[in-house]
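This report describes the fold and selected residues of a protein chain. Please consult the sequence and the structure shown here while reading.

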Amino acid sequence: MKEIEDEGVVKSLYKHWRWRIFTGMYVGYIFYYFSRKSFTCIMPLLMQDLGLTKGDLGILSTLLALSYGASKFLSGILSDRSNPRAFMSIGLIMTGIINIFFGWASSLIIFCLFWTLNGLFQGWGVPPCAKLLTHWYSQKERGTWWGLWSSSHNVGGALIPIVAGVCAQAWGWRYGMVIPGVLCIVIGLFVFLTLRDTPESLGLPPIEKFKNDYPTTHKTVDQGSFTEILKKYVLNNGYVWLLGVAYFFVYVVRGAINDWSPLFLMETRGYKLSIANVAIVWFEIGGLVGSLVAGWISDKIFKGRRGPINVMFSLAVVGALAALWLVPPGLLMLDYILVFMIGFLIFGPQMLIGLAAVELSHKKAAGGANGFVGLIGSFGTAAAGYPLAKVMEYTGWGGFFMAIAVCGVVSALLLLPMWAIKSNPKFIKEEEPAPISPEEATEA
């Protein structure tokens, strides 16, 4: 489409579409969490009704994480070449349908099948958003916008325990799966009607031109074929690998608290399910605030550097984990506050690592870079499922907290080399003009 030249029209259209697309992404991803975390909220009832063990539930969590991670990477590659509105909306509708089928099953094998399929379609959510955030928001503002969008994780994560819990308490655990599934189908249609592709597809100039905010690297758009860009800027990019491995350990912590904290509070504090599930609401609220604060500080104070926040938050979460384990029973509000702080601290790096991967790679591989680190991170979520369940069975909750505290320390150490950078130094060096020889200078 021919680029619109009228600056007033361009400004008006950009304002309209940026807010419309953001709304579609935000609402859509809230409901991706409805169909992903519905199972977490009804786990204790499944154990009671069907006699499932912690190991059985851990298998389901691990299968979801593995299929989700693989899908996130593959769909990330495809989404860089496709229209994100179709990807995101179809994925959401399919996860809703699968939740409905899951709600009417009773066999562990069938549960495993449906939850693996759910993970495959869950991977259709993040990469389209990574592409849209990269193409519609410039680097100097992207941390704030990415952080704001990332809070949709927490809104969805905070609402689903309430929705699934109310449905499960009123009509049984099956409706804790079915009702969220129906809602996801409806919102999937809304997402399709709301989203669009890149600014250029609507006749608008690229965001770098509109905002006059060109990144340090990749000022030229075409730098080889898509395969060459993916190979050079993602698969052979040491920083992306380092971010991915750090993501693994961050996701162990996040998955552990998200999946197991209600059970921990029920077994060690004696809370009822409804009281224990409120902790997840506090965890997600903390994550929402932490994502916003982390994104804003990385933009305004560290001028687009994501490393300092990643390191500091990863270290601080270790202290919050230790406090949750050591606090004595009977202090409900303190338990909630500590879970809030863990969410605040872990969602900072959870959000910014994905953003850093995009910024340290290439604009044309935004979905691929985000999906690649997400793939590695999903192995961390998988480790927080069955493997961590077995740790609990053998060592109790003390071993559980020791394991995830070590993960916090390791993630901080892995992120430390990226403290001072916001663009890949290797790529900056490659794009610097070659020095002019004295002979060339004389000729000039």
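What percentage of the 444 residues in the protein chain do buried residues make up? In this predicted model, the buried share of the chain is 58%.

## Overall architecture

The secondary structure of the protein chain consists of 17 helices and 0 strands. Its C-alpha trace extends over about 85 × 45 × 35 Å along the principal axes.

The radius of gyration of the protein chain is 22 Å, and this agrees with the value near 22 Å that a compact globule of 444 residues would have.

## Surface and charge

The charged side chains comprise 34 positive and 27 negative ones. Between the centres of these two sets the distance is 6 Å.

## Cysteine residues

How many disulfides does the chain contain? With a disulfide taken as a pair of cysteine sulfur atoms within 2.5 Å, the count is 0.

## Gly 165 in helix α6

Gly 165 belongs to helix α6, which covers residues 139-171. Its relative accessibility is 17%, so Gly 165 is classed as buried.

Gly 165 can also be related to a residue elsewhere in the sequence. Val 278 is 113 residues away along the chain, and the C-alpha atoms of Gly 165 and Val 278 are 9.9 Å apart.

## His 135 in helix α5

Helix α5, formed by residues 126-136, contains His 135. Is this histidine, His 135, buried or exposed? His 135 is buried, because its relative accessibility of 14% is under the 20% cut-off.

Which residues does His 135 touch, when those up to four places away in sequence are not counted? Its partners are Thr 198, Pro 199, Ile 207 and Lys 363.

Key: Residues are numbered from 1 along each chain as its sequence is written. This is a predicted model: local features need pLDDT of at least 70, side-chain atom pairs count only at pLDDT 80 or more; totals for chains, interfaces and linings use all residues. Side-chain values use heavy atoms; hydrogens and water are left out. Helices (H or I, at least four residues) and strands (E, at least two) are DSSP runs, numbered from the N terminus. The radius of gyration is taken over C-alpha atoms; the globule rule is 2.2 Å times the number of residues to the power 0.38. Buried means under 20% relative accessible area, exposed over 50%, partly exposed in between (1.4 Å probe, protein chains only). Lys and Arg count as positive and Asp and Glu as negative; His and the chain ends are not counted. The place of a charge is taken as NZ of Lys, CZ of Arg, CG of Asp or CD of Glu. Contact means heavy atoms within 4.5 Å.
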